[in-house]
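Colleague: I would like to go through the labels used for this model and hear what each one rests on.

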Amino acid sequence: LISDNTHGVYVSIDSGTSWTRSVNGLIALTVNGLLVYRNRLFAACGPRGFFVSDDLGTTWEEVGGFQGVDVTCLADAGKNIVAGTSNGWYRSADTGRTWQRHEDSYTSNKAVFAIAYENGLLAMISNYARCVVYTSSDDGTSWQFRNDSKLPAVPLIHTTYNIENRVTINSGVVYAITDGGLSISEDQGRTWRAVDAYMLGSEFA
């Protein structure tokens, strides 16, 4: 088990009974997200970029190529790893050794706060509560733009917690959470419906 927070990375080898802090070589302590991809562990560390571990967190090495941007999130996208940053999104086809920035008018020069992938469908939350959706027919080698939608807003008046941007895909349905509430799309982001998270239970509060 591996967990991240504002004090680095913690690893458990006994199903969570005990935890050990893993910061050997991990200069950045704030970790925005973790991803295990083909036996490599990746940590998204905001303005410090990426760190990677080939021994599941025992030691870490900084990954270059992300100077001047904050790395905010990570996702396994078939044959690629995708990373959201404060300036668009990047993909790697060689398990994180080299990275290519995706260039288009929908996400270039915009922040990507959350990202998710399932079966050729890639969704990300960008500036101003927009959800941008791409599809791939070759397991992530190439991407086709599908939709860029402003998410509907249902203010979360039932909670005083700060809401982090989240996006997930389950059986082709995209779920996006922003400070405007929970939105759901069943047609690859073409249309959205807002849901009052209070009606769905406290897990969305």
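Colleague: Why is C73 called buried?

Modeller: Buried means under 20% relative accessible area, exposed over 50% and partly exposed in between, with a 1.4 Å probe and protein chains only. C73 has a relative accessible area of 8%, so C73 is buried. This is a predicted model, in which local features need pLDDT of at least 70, side-chain atom pairs count only at pLDDT 80 or more, and totals for chains, interfaces and linings use all residues. Residues are numbered from 1 along each chain as its sequence is written, and side-chain values use heavy atoms, with hydrogens and water left out.

Colleague: What makes C131 buried?

Modeller: The relative accessible area of C131 is 1%, therefore C131 is buried.

Colleague: What makes strand β10 mostly covered?

Modeller: Strands are DSSP runs of E with at least two residues, numbered from the N terminus. In β10 (residues 88-92), five of five residues are buried. G88, Y90 and S92 point one way, W89 and R91 the other.

Colleague: How do you know that β9 and β10 are joined?

Modeller: Two strands pair if DSSP finds at least two bridges between them. β9 (residues 80-85) and β10 have five bridges and run antiparallel. I81 stands opposite S92 in β10. The two strands form a hairpin with two residues between them.

Colleague: Which strand do two bridges join to β10?

Modeller: β11 (residues 100-101), also antiparallel. There, R101 is the bridge partner of Y90.

Methods:
Helices (H or I, at least four residues) and strands (E, at least two) are DSSP runs, numbered from the N terminus.
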